[in-house]
Amino acid sequence: MRFSRVTATAFGPLVRQTLEFEPGLNVVVGANESAKSSWHAALYAALCGRKRGKGKPGQREREFEARHRPWAGDVWKASARLVLDDGREVEISQDLDGKVDCRAMEMPTGRDISNELVVDGSVDGSVLVGLNRQAFLATACVTQTDLLRVREDSASLAELLGRVVLSGGGDESTAAALRRIDDFRRDEVGVDKAGAVKPLRSAIERTEAARAAVKAARERRGDFDVLAREVERLRTEQREADSAVRAAHAVLAGREADAAAERAERAQSLSDSLGQRRPSLDPLSTAVAEVSAAITAWASRPSVPEVLVDSEALAAEIELLPDPPAHDTVPHPSVVGCAEDLRVRLGVLADHVGRPEGVMPPPAAGPTAQVLRELAKEYDELGPEPPAPVPFSTAVRSAPPRWPWGLVVLGVVGAGGGLATAQPALTVVGLMLAVAGVVLGGRRPPAPPAATAEPDLRPVWHARRQELDGRCSSIGVNPAISALLIAADLVDVRDERESRHRQWEVERQRLEDALAEAKLSLAQALLGRGYPCDPQSAPAEHERYRRACEEDALQQRAADSRPDLLRQLEQAQGAERRRGEAISAVALAAERVEKAAVLVALPARVGSVPPDAHQLSAALQAWIDEQEQREESRSRAREQWEQFDRLVGDDGLPALLGQAQRLRREADEWAAGLAPSHLANALEITADRLPALEREAADAASRADTEAGRLEQLAAGLPDLASAEESLDSAVDEHHRVEELARVLDRTQEFLEQARDRVHRDIAPALRASLVRGLPRLTGGRYVDAAVDPHSLEVKVCGPSRDWHLAERLSHGTAEQVYLLLRLSLVEHLTGGYDSCPLLLDDVTVHADSVRTEQVLTLLADVARERQVILFSQEEQVRAWAEANLGGRVAAVHRLDDLAGT
Amino acid sequence: MRLLLMADVHLDSPFAWAGKNAGVARRQAIRDALSDGFALARAERVDAVCLAGDLFEHERVSRDTGKFLAGLFESVSPMPVLVAPGNHDWFGPASLYARTAFPGNTTIFAEPRLVPLTLQEGFTVWGAAHTGPASTPGFLGGFRVDRGGVHVALFHGSEQGSLPREGVEKIPHSPFTSSQIPDSGLHHALVGHFHTPADATFHTYPGNPEPLAFGESGARGAVIVEVDAQGHVSRDRRELAHTSVSDATVDVTGLAHGEAVRQAVIAELSGRSGVVRLTVTGELEQDVELHPELWPGAVPHVESLVVRTRDLRVAHDVDLIQAEPSVRGQFVRDVLSSGLADEMRRKVVATGLRAFEGRSDLEVL
């Protein structure tokens with residue numbers, strides 16, 4: 001497809017101007033402000049038209065409109081005549097303002113083919129080459145702006161490539177679309193993490209908060225239900241307690257009602273039996289009192305006592321009574337003690353004298369026992385007379401003589417015993433036996449002289465013997481040892497008897513001294529009692545004193561009877577006085593009885609004689625008994641009336657009957673509605689239990705009220721669950737909406753990335769091939785190879801040295817050339833299979849140096865062999881090159897200056 | 001004997017479906033409908049008001065509602081008000097019924113069995129209560145009236161023959177069959193639970209007086225039930241609803257811009273009131289920007305507007321686009337050939353194309 005002409009009916013500065021083109025390279029040359037860009041835009045607009053206004057136009061479109069709306073205010077229109085590759089011609093007329101009067105007609109038939117070319121509501125001729133107005137603009141329609149952007153923007157060529165081509169001609173590149181989705185997702189969805197404020201997190205938080213609010217509200221409701229059940233339970237307890245109280249009241253009131261009914265019945269019965277008249281309440285009459293008093297006085301009259309002692313005789317007897325004695329009436333203890341002491345001492349002395357002991361000592365004293373025993377000892381030591389000295393060989397030893405010592409000892413003991421017991425016979429026998437023993441011992445034949453060889457000791461012995469014998473003789477004792485010893489023992493016996501006698505004497509003397517002392521004491525005691533005497537006559541005086549005491553004792557006893565007699569006298573006088581009084585009282589009582597009898601008019605006589613007081617009293621008692629019987633009858637009546645009064649009280653029988661009925665009603669009211677079990681449980685109730693039951697009921701009520709109060713508070717604070725649930729539903733809906741949006745955005749993003757990757761993979765080799773074909777010639781052999789990243793579409797180029805460079809890092813001119821080459825490659829790639837797509841280029845060499853400009857022009861000339869190229873330029877070099885190289889039927893040079901005014 | 005029957009009022013019910021901030025108004029509408037029902041009872045001088053359950057929702061009911069009900073019952077005193085609690089307003093210690101001081105003309109059946117109440121000599125109402133939110137057995141099983149005269153039952157239950165109409169989601173609380181009514185000696189049963197009104201031979205469902213959901217049909221509200229001496233029943237239905245719940249549809253095909261759509265919505269909703277569920281359908285031109293959040297302001301006569309767009313299609317020329325040898329064409333081809341659900345596919349295509357177009361409204365309704 002190619003343009004054969006374009007008409008700007010009203011387009012920017014152009015008004016009704018037409019520009020015709022050749023099939024190949026058309027170079028439209030004009031100076032600045034010669035409307036080159038307007039013609040370039042008019043070509044695009046005449047071919048593609050404008051998207052019919054649905055919604056707000058995009059920025060590029062707004063810019064397009066601002067730049068190319070007719071300056072003169074005419075209707076914005078442009079048209080073009082197209083020649084398809086098969087030779088058909090199509091006339092497209094675009095109403096760029098209203099976008100309504102847009103049509104496409106096949107020429108020369110005039111067939112309207114608009115519907116076949118409508119895109120976004122208006123005719124789009126780019127459909128004929130397999131594009132749409134966006135894609136055509138992005139690929140085949142290259143403006144200065146695009147080139148400037150390449151130079152001014154450091155963004156990659158890939159980005160530009162993606163935007164203008166791979167998005168399908170949309171306003172945004174795929175990357176931008178993805179970024180937009182990202183941005184939108186960030187703003188309208190956000191992430192779910194703490195602190196995030198975007199919708200997703202907000203929706204989650206709102207949902208959680210709403211869910212928590214609903215949960216809390218339901219829990220509060222649950223708490224409320226639980227508490228309500230507890231209150232109900234407590235109320236049940238309270239009702240039970242109240243029922244117990246009511247039952248107790250009912251039972252107690254029932255009892256009271258029963259009692260009241262019983263009282264009423266009793267009162268009614270009493271009322272029926274007593275009649276209307278009440279007995280007199282007056283006390284017994286005065287006469288009865290008088291009679292009773294008289295009877296009482298008579299009955300309590302004293303008895304008249306008998307008088308047994310004559311007070312006068314007794315007074316005389318008292319007159320004769322002696323006075324009490326002046327001396328002792330009984331022996332004074334001091335005297336008695338002394339007399340007794342004297343009596344005892346006399347007895348002791350008499351007894352001592354009557355039993356004398358020992359013997360009187362002889363007038364001259366003999367040898368002492370010690371002297372005798374020393375002599376005996378010395379004799380014993382002297383021994384027998386020594387024998388005459390004899391030769392030793394003839395000496396005969398003979399046995400020594402043996403004395404009859406047992407006989408001697410027996411005699412001495414017997415004699416001693418006789419002395420000791422004062423039995424002379426025994427003493428004599430003892431002495432005889434002792435002497436016989438000694439004699440027998442002395443008659444034994446002397447022992448034969450012992451043969452000795454020693455010197456003769458006999459002279460010495462004899463001398464000694466004589467000396468001893470002399471001494472014995474001097475004291476008159478037998479020189480025999482045994483005799484000496486017996487004599488010594490006898491002397492001992494005698495000494496002992498003498499000693500005992502001396503002791504007896506000493507005791508006797510002491511007793512006599514004591515006796516004298518006792519007599520003296522007695523005399524002194526008697527003197528103390530008024531009986532002086534000497535000690536020797538004290539015993540006799542004592543006897544006299546004792547007898548005087550006995551006489552005084554008799555006088556004392558007589559004197560002592562005086563108080564008793566005086567008391568007897570007083571008693572006798574009292575008895576005589578009481579007797580008189582009793583006689584008077586009896587008389588008085590009799591007088592009262594008589595008066596009482598007169599008072600009650602008892603018969604004046606009993607038989608033929610007047611009655612005595614006893615009879616009168618009996619008669620009066622009978623009268624009293626009669627009166628009391630009458631009174632008892634009245635009293636019983638009064639008691640019944642009193643009982644009646646107590647029963648009915650102050651209000652009377654009707655009130656009592658009413659009270660009974662009222663109490664019954666009260667009991668019935670208490671019992672009303674109660675279960676039989678409650679009443680049965682209360683049957684045994686007592687009134688004292690009632691306070692406890694009422695306390696229990698009050699406690700139960702208090703507990704129930706307390707919990708009910710809590711329930712009320714809880715009820716007052718119950719949240720609005722319906723609103724909470726609605727809030728939750730709303731929050732959930734919002735959450736779901738955001739989640740759904742997130743899912744849509746995520747899936748969109750996935751599909752976009754997937755599509756981008758796939759397209760990039762497909763287009764990258766084609767672009768590379770196209771680039772490699774044109775790159776050496778376009779860059780003068782400086783770059784010979786190219787590579788296109790299928791993911792990022794980054795373009796790298798390299799020279800013969802194979803040093804790869806990012807295209808965007810190349811110089812601006814080179815980058816523009818690469819970019820132009822990419823455009824050509826894309827057009828080739830995207831329009832494959834359709835009509836050839838013309839290229840509309842506006843000042844694409846403006847920044848190239850002369851060499852590169854020529855290279856570009858050469859390239860375009862090559863391209864123009866396959867598709868129409870319309871190049872607008874202001875450059876002289878281009879014009880010159882065109883004029884030098886173009887011409888004929890396939891290429892042309894157009895001077896816009898020449899077109900001015902057409 | 002003339003009775004006014006209402007049921008399934010559902011005071012304090014949530015109304016999330018009715019749109020944002022619509023709940024309060026909807027709940028007020030329910031109160032108004034109920035108030036109108038009691039006003040009707042006064043005006044018609046019926047002998048009693050019978051409420052066959054689900055008067056409120058136990059979990060959500062407020063004390064204010066309790067006082068409202070007490071005042072309402074008082075307003076018809078001494079006319080008896082008979083209440084048979086249902087599965088939503090089940091009777092229990094925590095129930096509003098147990099916590100509210102109702103006037104003396106109120107009888108709340110509190111036992112899960114039919115209990116007699118003699119309204120007048122020879123006319124007995126047998127009432128029963130649900131005492132829990134679920135598992136309440138049928139009240140008529142083994143039941144038999146024990147006295148002469150005319151007998152009417154009042155309870156909340158599921159007539160088995162009506163279940164298919166109510167849908168599978170309706171739980172058959174306290175089920176019964178229509179034949180159980182005459183078999184038990186009852187002349188008629190005044191029942192609640194099914195929101196669809198039903199005037200059967202032996203039972204009457206009045207239906208909810210105020211709409212509770214979209215799609216409710218049939219004249220609903222209060223029923224004045226007249227029972228003659230032989231137990232024959234005649235019914236007079238009176239609508240009480242203060243608001244309507246309706247569906248509307250706007251086809252946006254061919255509408256060039258958002259304002260055109262908005263005007264179409266205004267035109268469609270003209271003359272409507274209450275809660276409207278608006279379904280936006282058709283093909284939406286790709287450049288048209290929808291702003292449904294602005295539509296309620298354009299139809300102030302509509303109480304609440306719920307917009308559905310799931311059938312909306314965006315009118316990109318996908319056939320043309322997918323022919324493009326570009327990323328965009330490849331994208332459309334890939335999405336259309338994917339296994340995505342239709343809704344997701346529609347949204348992904350529209351979102352991607354809008355992104356290519358540089359639009360800011362990437363969220364597709």
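Predicted model: local features only at pLDDT ≥ 70, side-chain atom pairs only at ≥ 80, totals over all residues.
Across the interface of chain A and chain B, 13 residue pairs are in polar contact, counting pairs in which both residues have pLDDT of 80 or more. In terms of elements, the side of chain A that touches chain B receives two or more residues from each of α6 (157-166), α7 (174-188), α8 (199-274), α22 (690-716) and α23 (721-778) of chain A. The element that gives the most to that side is α23(A), with 23 residues. Sorted by class, the side of chain A that touches chain B holds 22 charged, 21 nonpolar and 12 polar residues.

How many residues of each chain are in contact at this interface? Chain A contributes 55 residues, and chain B contributes 46. Together the two chains bury about 4300 Å² between them, and 59% of that area lies on carbon and sulfur atoms. Between chain A and chain B there are 6 salt bridges. One of the salt bridges that can be examined in the structure joins the side chains of A:Glu725 and B:Arg60, at 2.1 Å from N to O.

I turn next to the sheet of chain B. This is an open sheet of 6 strands in the order β4-β3-β2-β1-β13-β14, and its pairing is mixed. Which strands stand at the edges? They are β4 (106-108) and β14 (233-239) of chain B; each has a single partner strand, so one side of each is left without a neighbour in the sheet. On average, neighbouring strands of this sheet are turned by 20° against each other, direction ignored. Helix α1 of chain B, residues 23-44, packs on the sheet and touches β1 (2-6), β2, β3, β13 (221-227) and β14 of chain B. The direction of that helix makes about 175° with that of β1(B).

Within this sheet, strand β2 (residues 48-51) and strand β3 (residues 81-83) of chain B run parallel and are joined by 3 bridges. B:Cys50 stands opposite B:Leu82 in β3(B). B:Pro78 lies in the loop between α2 (63-75) and β3 of chain B.

Chain B also has a hairpin. Strands β5 (residues 115-120) and β6 (residues 123-127) of chain B run antiparallel, with 5 bridges joining them. B:Pro116 has B:Trp126 in β6(B) as its bridge partner. There are 2 residues between the strands of this hairpin, and B:Gly122 takes a positive phi near 85° there.

Let me move to the sheet of chain A. It is likewise described as an open sheet of 6 strands, in the order β2-β1-β4-β5-β6-β7, with antiparallel pairing. Here β2 (14-20) and β7 (111-112) of chain A stand at the edges with a single partner strand each, so one side of each has no neighbour in the sheet. Strand β1 (residues 2-11) pairs with strand β4 (residues 77-83) of chain A in the antiparallel sense, over 6 bridges. A:Arg5 is found opposite A:Arg81 in β4(A). Helix α1 of chain A, residues 36-48, lies across β1, β2, β4 and β5 (89-95) of chain A, and runs at about 105° to β1(A).

Finally, the backbone of chain A. Most residues other than glycine have a negative phi, and most peptide bonds are trans. Against that background, where is the cis bond of A:Pro108 placed? The bond from A:Met107 to A:Pro108 is cis, with omega near 10°, and A:Pro108 sits in the loop between β6 (103-107) and β7 of chain A. A:Ala601, a residue other than glycine, has a positive phi near 60°. A:Ala601 belongs to the loop between α18 (562-599) and α19 (613-648) of chain A.

Note on methods:
Residues numbered from 1 in each chain as written. Chains lettered and ligands numbered in written order. Heavy atoms only, no water. Pairing = 2+ DSSP bridges. Helix = DSSP H or I, 4+ residues; strand = E, 2+ residues; numbered from the N terminus. Axes fitted to C-alpha atoms, helices over the stretch in contact; angles between N-to-C directions. Contact = heavy atoms within 4.5 Å. Buried area = accessible area lost by both parts, 1.4 Å probe. Salt bridge = Lys/Arg side-chain N within 4 Å of Asp/Glu carboxyl O. Polar contact = N/O pair within 3.5 Å; in protein donor to acceptor, adjacent residues only side chain to side chain. Nonpolar A, V, L, I, M, F, W, Y, C, P; charged D, E, K, R; others polar.
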